[in-house]
Amino acid sequence: MQKWTPTHEAPEPLEGPVVATIVGGTILWFVLFLAQLPFYGWFDDHGHTWWVWTCLAGAGLGLIGIWYVRRRDAALKRRAAEDEA
């Protein structure tokens with residue numbers, strides 16, 4: 001079996017509002033965590049407490065993601081300014 005290799009160049013990666021997307025996702029995870037807290041007893045009774053903690057973990061990882069994409073965005077802007085000068 002032969003390995004398939006593409007015969008054309010890969011397209012440029014799409015750049016969008018990455019920081020806003022990550023911030024929005026982080027807020028969503030945290031809101032879901034807060035919305036589930038009043039029902040923690042129900043989740044505990046049915047063995048689904050991991051749902052609550054998954055939302056908190058998503059919010060925590062989102063904070064790391066915000067830090068990362070903000071630094072990446074600043075580095076890209078810095079590089080673009082250096083290329084112009």
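What we are looking at is a predicted model, in which local features need pLDDT of at least 70 and side-chain atom pairs count only at pLDDT 80 or more, while totals for chains, interfaces and linings use all residues. Residues are numbered from 1 along each chain as its sequence is written, and side-chain values use heavy atoms, with hydrogens and water left out.

A pair of aromatic rings is described by how far apart the centres are and by the angle between the planes. For the rings of Phe, Tyr and Trp (for Trp, the six-membered ring), a pair is counted if the centres lie within 6.5 Å, and it is called stacked when the planes are under 30 degrees apart, edge-to-face when they are over 60, and tilted for the rest. How many aromatic pairs does the structure hold? It holds 6. In one of them, Phe-33 and Trp-53, the ring centres are 6.3 Å apart and the planes stand at 40 degrees, so this pair is tilted. The pair links distant parts of the chain, since Phe-33 is in helix 1 and Trp-53 in helix 3, 20 residues apart; helices here are DSSP runs of H or I with at least four residues, numbered from the N terminus.

Are these two residues buried or exposed? Buried means under 20% relative accessible area, exposed means over 50%, and partly exposed lies in between, using a 1.4 Å probe and protein chains only. Phe-33, with a relative accessible area of 9%, is buried, whereas Trp-53, with 42%, is partly exposed. Trp-53 also forms an aromatic pair with Tyr-40, and this one is edge-to-face, with 6.0 Å from centre to centre and 70 degrees between the planes. Because Tyr-40 lies in helix 2 and Trp-53 in helix 3, the pair ties together parts that are 13 residues apart in sequence. Helix 2 covers residues 40–45, and Tyr-40 counts as partly exposed at 31% relative accessibility.

Helix 1 (18–36) and helix 3 (49–84) are the elements that give two or more residues to the patch.

Let me turn now to charged side chains. A salt bridge is a side-chain nitrogen of Lys or Arg within 4 Å of a carboxyl oxygen of Asp or Glu, and a search of the whole structure finds 3. In one of them, Glu-15 meets Arg-72, with the closest N and O atoms 3.1 Å apart. This pair links distant parts of the chain, 57 residues apart, with Glu-15 in the segment before helix 1 and Arg-72 in helix 3. Glu-15 is exposed at 52%, and Arg-72 is partly exposed at 32%.

Lys-77 and Asp-73 form a salt bridge as well, at 3.4 Å from N to O. They are 4 residues apart in helix 3, so about one helical turn separates them. Lys-77 is exposed, with 56% relative accessibility, while Asp-73 is partly exposed, with 28%. Finally, Asp-83 and Arg-79 form a salt bridge whose closest N and O atoms are 3.5 Å apart; both residues lie in helix 3, 4 residues or about one turn apart, and both are exposed.
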